[in-house]
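This briefing covers selected helices and strands of the structure shown below. Please read it alongside the sequence.

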Amino acid sequence: MKKYMLDLVVSQNTRLHANYVLIKMTHANPLPEMVPGQFAEIRIDGSNTTFLRRPISINFVDKEANEVWFLVQLVGDGTRKLATVKEGDVVNVVLPLGNGYTLPQEPATVKPLLVGGGVGTAPMLMLGSTLAKMGCKPTFLLGARSSKDLLQLEEFEKLGEVYTTTEDGSMGEKGYVTQHSVLKAQKFDMIYTCGPKPMMMAVAKYAKENGIECEVSLENTMACGVGACLCCVENTDEGHLCVCKDGPVFNIKKLLWQI
Amino acid sequence: MADLSVNIGNLKLSNPVMTASGTFGYGKEFEDFVDLEKIGGIIVKGTTLHRREGNPYPRMAETPMGMLNAVGLQNKGVDYFIDKIYPQIKDIRTNMIVNVSGSAIEDYVQTAERINALEAIPAIELNISCPNVKQGGMAFGVTAKGASEVVKAVREVYKKTLIVKLSPNVTDITEIARAVEASGADSVSLINTLLGMAIDAEKRRPVLSTVTGGMSGAAVKPIALRMVWQVSKAVNIPVIGLGGIMNWKDAVEFLLAGASAIQIGTANFIDPTITVKVADGINDYLDRHGFTSVKDIIGGLIV
């Protein structure tokens, strides 16, 4: 897919919780084609500790409004600065980058489970929406530390069944996503996941043990975003591959995770 | 519109802007963003005789106005380059230059010899700042003797333009530059990355898997500029300047310091169109100051 560097205009910046913002951006021309699981490299100016772009996954593309959404967790200087943008601000963005999740060939016959942890729920919204449009009903299993870290639940509920876990038990089942009762009660054909690496490894282990296809989205520290600098590599059955260009989505069979 | 063309040995560049090895892939990675033929020269990824997996992840750390990398020359080897990459890049109408690395003199020689046979590759850039396994971890590029040996050996088999990339991690870079010139190099490019380090205080661990890594980006520019200035006075061959060039103004400063051409590295990660912007910016600068050729400002620093 052709990549672009664009000056996008912030159309909305909503604080979802102390640590998260949902930033919607638009452009005078129609936005490029993007698929679920891809990401953008966002330029953040103004501080000497935000020298490089920040890779942020694409949360959703609203074609009617010509908007791309980014769900941003405030982690360090870069994301904290990005969270301060206001309506009308211009932000330089390179997108779409990387490869997305593999969509089912025969959507009507597949029952996918979409597992998101923390801010890793971000790409699951666009993926769930795309699957639903294809006639493939998604089930979401979303995990977080506490209820206030479970984001965009009302959006997910429009698309399919939503199950939640929290580490403190403040919403859904108490514990981790891999401990949720839905995994025992229902059978899934495909698992898509994004979240903290320990969570994805636990999900991958579950998928492997139960013979379910599974794709994970990695977030290794990166610089260029286009496969030039070879900084963000992951060990695979083909040797070191770039998360930015060859991923960020990988089938777990390709990875050398000890699970 | 000023004349932006410059010569590096027998190499003719349509403008003095080149890309630094390891920051621009094989060029193809950037073709969505920029017309590759508008770049004076593209120096592709470091190529070695045999495939190298490079260092383990993590390989990158952001630092104030810069970054550290510890990629470790990951590449699929010269044969893969010739069979799979070369056919894809040979028709790009600019100077496609291969950066050649190695860990032993014979490796450099064999790699250079094979690339010498490629019609569409008019030059190589010899990376002599890699660890020399045979000398117990020392690098060729940190002694005049080591640098001289490898350049002499490659010069015997390589007939086209030979650029040698110098390491800044030395006591006197002009001594190495002179040795390289005396050994038959057509040009020197500098600086490669500066050895640096990053620590994660919370984890009490180094950020990079290799503990230390190469520093690049805006923060290194004053050091690079100083070294380019010193080396350009010490040698008679053309100098290619790089290190922290983020915009046209930085590029002009390197030209004034004595560089005949410049390379853009880390800035490609921040603006994938920066190469062409810098070439345009140099042109505007020349027009504004009434210079008809970029050659008029090379080494034109008033001191």
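In chain A, helix H2 (residues 122-133) lies across strand S4 (54-62) and strand S5 (67-73), and runs at about 30° to S4(A). Helices (H or I, at least four residues) and strands (E, at least two) are DSSP runs numbered from the N terminus. Axes are lines fitted to C-alpha atoms, for helices over the stretch in contact, with angles from 0 to 180 degrees between N-to-C directions. This is a predicted model: local features need pLDDT of at least 70 and side-chain atom pairs pLDDT 80 or more, while totals for chains, interfaces and linings use all residues. Residues are numbered from 1 along each chain as its sequence is written, with chains lettered from A and ligands numbered from 1 in the order written.

Barrel of chain A

- Six strands form a closed barrel in the order S1-S2-S5-S4-S3-S6, with antiparallel pairing (strands pair if DSSP finds at least two bridges between them).
- Strand S1 (residues 4-17) and strand S2 (residues 20-26) of chain A run antiparallel and are joined by seven bridges.
- Val10(A) has Met25(A) in S2(A) as its bridge partner.

Helix H6 of chain B

- Eight of the 10 residues of H6(B) are buried, so this helix is largely enclosed by the rest of the structure (buried: 20 or more other C-beta atoms within 10 Å of a residue's own, placed from the backbone; exposed: 12 or fewer; partly exposed: in between).
- Among the buried residues are Trp248(B), Phe254(B) and Leu255(B).

Terms used:
Contact = placed C-beta atoms within 7 Å.
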